[in-house]
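The exercises below concern a model with several chains. Each gives a task and then a worked solution in steps.

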Amino acid sequence: MNGWVNYVLSLCVCLLVVGMPRAATIKVGKQHAVHTITKALELAADGDTIQVDGGVYREGNIGIRKRLMLVGVGNPVIDGEQKYEPVSVHAPYVVIKGFTICRSGHSSMKDMAGVKIYDTHHVMITDNVLDDNFFGIYLQNARNCTIRNNRLVAYGKAEQLIGNGIHGWKCDRLDIAGNTITGHRDGIYLEFVTHTDVQGNQSHRNVRYGLHFMFSHDNGYYRNTFTGNGAGVAVMYTKHVRMEHNVFNENWGDAAYGLLLKEITDSHIADNTFAKNTTGILMEGSNRIRIQRNRFENNGWALKIQASCMDNTVTRNNFIHNTFDVATNGSLVLNTFERNYWDKYEGYDLDNDKEGDVPYRPVSLYSMVVEKYPMAMLLFRSFMVTLLDRTERVLPSLTPENLKDDYPLMQPVAL
Amino acid sequence: MNKIIKYVIADLLRSRTIMVYTAVLAVLSVSVFSMEDSAGKGVVSLLNIVLFVVPLVSLLFSTVYLYNSAEFIELLVSQPLRRDTIWISIFVGLAVAMSLAFMVGVGIPVVLYAATASGVMLMLCGAALSLIFVSVALWATVRVRDKARGIGLSILLWLYFALLFDAVVLFLLFQFSDYPIENGMVALSMLNPIDTSRILILLQVDVSAMMGYTGAIFRKFFGTDGGMAITATILVLWTVLPFWFSIRFFKRKDL
Amino acid sequence: MITIQHLSKKFGKLHVLDDVSLTLEGGQCIALIGPNGSGKTTLIKAILGMIVPQSGNITFKGKDIAHEWRYRNQIGYMPQMGRYPENMTIGQVLNMMKDIRKMPESALDNHLFIAFGLDGMLDKRMRTLSGGTRQKVSACLAFMFNPEVLILDEPTAGLDPLSTELLKDKIRAEKQQDKLIVITSHVLSDLDDLVTEVIYMQDGKPLFHKSLQALKAETGADRLSKAIAQVMATHELMEGTL
């Protein structure tokens with residue numbers, strides 16, 4: 001028995017002794033020998049941990065070129081003094097955790113960020129606060145990086161005076177999760193970023209878009225919330241996107257969209273909620289998208305689908321209390337609408353199969369009028385306009401003949 | 001003044017028409033709210049009823065009441081009373097009766113089923129429209145002595161406010177869509193209290209759509225405190241001005 | 001008590017009152033008679049301030065009545081056709097008038113009210129009343145506040161003989177109290193034993209204003225109706241010769 005205990009103890013001691021020189025911890029702070037992070041970085045070797053105590057560190061640019069773990073204890077602040085890029089990461093396997101990184105310089109020439117990751121991989125940025133930086137976290141040509149549970153706050157007034165919250169350029173396999181981003185230009189901006197998961201982030205009240213990506217194929221966006229961004233969410237020129245369980249709401253304005261899809265193909269948009277947007281989804285030149293099991297509630301236009309879109313399927317969605325359900329700008333419709341629930345449907349279900357027996361035409365005459373003469377909104381819901389709409393529903397003449405749901409559901413889809 | 005108001009109201013509240021009006025509004029509201037699955041849709045369905053029926057009934061009922069009360073008004077004028085006292089009392093009496101009928105018929109169901117911003121706006125606008133069209137009726141009847149012609153004028157006025165005006169606006173809108181007519185259109189809508197009310201309710205019910213292109217213009221006007229104050233003032237003016245013209249005329253009128 | 005000077009009123013082109021000047025004194029019971037459309041009711045309405053004349057003025061106890069309303073406290077008016085808010089009861093109408101006049105209950109003259117038996121019908125709604133009963137209500141209201149001037153427009157029209165007599169008794173009683181009473185009526189026989197003066201209106205002008213005695217003396221007729229008939233006959237004769 002005793003022998004066994006001794007064996008375990010000595011094994012532990014051995015492991016400790018062996019491990020120590022390889023993973024030293026350097027403490028930084030007023031009461032430690034090392035006062036600056038820069039000094040600690042000089043002293044550290046690959047694999048070391050730098051533990052930074054609370055306090056304000058004004059050290060210009062802190063460049064990390066070794067495989068280190070930087071841990072803040074008691075919320076240390078790295079201040080860029082509005083001149084420098086506070087933290088630049090050049091080495092792989094770097095971890096930055098528990099800092100407040102604030103006041104980066106503002107430079108559109110250099111794209112300064114609170115934390116910028118240059119041409120490397122396996123960097124992990126977690127549990128930090130990024131306050132008042134030009135860009136928040138900037139990943140340039142990075143792979144396999146993790147950005148989690150950070151809070152990014154900026155105070156942008158105009159979109160040319162502020163950078164993006166989490167910005168990725170030419171990256172692959174990122175994990176962006178649980179972050180909160182507010183006041184930046186775009187909350188999350190991805191360009192040429194592939195195989196990336198964006199999950200559980202909150203992006204609200206950013207100056208331009210809550211989420212913005214281009215040429216970023218094979219990415220997934222799950223359980224994010226995009227609220228009250230200047231122009232909602234815009235995604236462009238991308239294939240194989242999955243967007244599920246996200247919430248797009250309160251994106252108000254003449255060019256604001258819950259979700260703007262521009263030349264997006266072969267994608268899935270499912271189980272999302274679009275609420276209180278001027279336009280829930282606007283689709284331009286987008287093909288082969290499945291839009292299903294989404295909730296469209298209290299939007300001005302739930303779905304605007306331009307004539308340049310084809311082979312899209314809209315099915316099993318709930319359209320509830322939208323001013324206009326569907327609008328389009330042409331008469332040719334090459335998309336399928338079926339088995340959606342439309343609260344404006346007034347048909348009947350005599351055969352009790354829970355599907356209406358007469359088709360529903362989600363495009364109202366007046367929505368087409370408003371499309372052409374926006375000021376006509378002035379007369380919406382006046383008696384005359386209501387009369388016009390009713391007549392058109394009975395005898396369609398101007399609205400696209402084949403834009404209809406042949407099997408409208410009598411009850412909302414349970415979501 | 002109070003005593004005449006008291007008697008006018010007592011008389012009106014016992015009137016069968018007012019009771020039927022209240023009951024019809026109540027039945028309509030309750031059935032609309034229990035048929036529609038959401039309060040918002042209920043408000044939308046009620047919107048047209050309110051914008052259509054309230055002005056018509058307020059205008060027509062007041063007109064008929066005033067013509068039927070011609071002798072009573074004569075009697076009051078022969079009494080030691082100021083003419084403006086009499087006319088104000090009749091206005092207040094009619095206004096209270098019509099808005100009370102509306103508040104009971106639509107207000108209570110709205111409070112029960114849809115106590116939302118849009119519901120409250122619907123109530124306020126309906127009450128305002130009741131007052132405005134009582135005021136318009138006073139003006140119409142004081143100007144036209146003959147009952148049949150007076151009722152005819154009321155119906156024409158209603159047709160104008162409820163339908164013709166919108167047709168003209170729509171026509172102008174299509175004709176001049178290439179010009180910057182936004183502010184003009186907002187100003188134009190102020191010329192019709194039904195349109196002003198409708199837009200106010202629209203800003204609550206269809207807030208998302210109204211935030212779009214046109215909405216930006218409306219919002220700039222109606223959405224700001226200043227714009228709301230102007231709108232409220234316009235609705236008050238719509239109540240006060242026809243009444244003021246009518247009282248000026250009534251003071252010089254031969255009975 | 002009431003002085004009318006150069007009063008003119010036109011409805012459109014029609015001269016309803018054409019330069020009327022009259023003086024009406026207290027203690028008199030004046031019959032205002034004339035053919036239909038001669039301007040009797042218009043004259044009464046002018047006195048009550050219900051119509052606004054184009055020119056001329058009316059003074060009540062020396063004060064111009066234009067834009068005035070308090071003087072009507074001293075006038076009791078019984079209209080030709082008393083119509084009241086249909087849904088109000090007799091009691092409510094009476095209460096309303098009492099409210100308007102603000103007279104203490106003790107000073108009220110309830111004589112006609114009781115004589116006509118209205119006290120038993122207080123809860124009846126006005127719309128259910130016959131024309132005669134409405135006239136009773138009107139009469140009752142005219143006398144109730146003890147006014148110094150009574151203006152009665154066709155007071156006996158629609159009243160049953162018994163009520164007519166009650167009303168006439170009441171008028172006589174009031175005359176004793178030095179009040180000015182103006183009556184228009186087509187039924188001249190009703191007026192015979194009541195009136196002291198006669199004003200005859202024609203085409204918006206008072207043709208004459210004489211005491212009843214003088215009129216009877218001039219025409220040699222013993223009854224008002226005959227006297228008037230005679231006057232009209234001579235008048236037409238004169239018109240014809242002109």
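**Exercise 1: an annotated span of chain B**

Residues 12-34 of chain B are 91% helix and 0% strand, with the end C-alpha atoms 30 Å apart. The model is a predicted one.

Task: State which annotation in the UniProt record covers residues 12-34 of chain B, and describe residues 120-141 in the same terms.

Solution. 
Step 1. The unreviewed UniProt entry carries the annotation "transmembrane region" for residues 12-34, 46-67, 88-114, 120-141, 153-176 and 228-247 of chain B.
Step 2. For residues 120-141 of chain B, the span is 100% helix and 0% strand. Its end C-alpha atoms lie 32 Å apart.

**Exercise 2: the fold of chain B**

Solution. 
Step 3. Along the principal axes, the C-alpha atoms of chain B fill a box of roughly 60 × 45 × 30 Å.
Step 4. Of the 255 residues in chain B, 51% are buried. Among contacts in chain B with a separation of 6 or more, 79% join residues 24 or more positions apart.

**Exercise 3: helix 1 of chain B**

Task: Find which residues of helix 1 of chain B are buried, and what they pack against.

Solution. 
Step 1. Helix 1 of chain B (residues 2-13) has twelve residues. From first to last C-alpha it reaches 16 Å, close to the 16 Å expected at 1.5 Å a residue.
Step 2. The buried residues in helix 1 of chain B are B:Ile4, B:Tyr7, B:Val8, B:Asp11 and B:Leu12.
Step 3. These residues cover an arc of only 130° around the axis, which puts them on the same side of helix 1 of chain B. An α-helix has 3.6 residues a turn, so residues three or four places apart point the same way.
Step 4. Within chain B, the buried residues of helix 1 pack against helix 2 (16-35), helix 4 (70-77) and helix 5 (83-113). They also pack against helix 2 of chain C.

**Exercise 4: the contacts between chains**

Task: Of the two pairs of chains that touch, say which has the most contacts, and describe the sides involved.

Solution. 
Step 1. The most contacts are between chains A and B. Chain A and chain C do not touch, and their nearest C-alpha atoms are 35 Å apart.
Step 2. Between chains A and B, 32 residues of chain B are in contact with 27 residues of chain A. Helix 7 of chain B gives the most to the chain B side, with eight residues. By class, that side has 19 nonpolar, eight polar and five charged residues.
Step 3. The contact of chain C with chain B takes 21 residues from chain C and 20 residues from chain B. Helix 2 (residues 90-101) of chain C supplies the largest share of the chain C side, five residues. The chain C side divides into 13 nonpolar, three polar and five charged residues.

**Exercise 5: the annotated domain of chain C**

Task: State where UniProt places the feature "domain: ABC transporter" and give the helix and strand content of that span.

Solution. 
Step 1. The feature, from an unreviewed UniProt entry, is placed at residues 2-228 of chain C.
Step 2. Residues 2-228 of chain C are 32% helix and 27% strand, and the end C-alpha atoms lie 24 Å apart.

Terms used. Residues numbered from 1 in each chain as written. Chains lettered and ligands numbered in written order. Predicted model: local features only at pLDDT ≥ 70, side-chain atom pairs only at ≥ 80, totals over all residues. Contact = placed C-beta atoms within 7 Å. Helix = DSSP H or I, 4+ residues; strand = E, 2+ residues; numbered from the N terminus. Nonpolar A, V, L, I, M, F, W, Y, C, P; charged D, E, K, R; others polar. UniProt positions renumbered as here; feature names shortened; annotations may be inferred. Buried ≥ 20, exposed ≤ 12 C-beta atoms within 10 Å, placed from the backbone. Expected span 1.5 Å × (residues − 1). Arc of directions from axis to C-beta.
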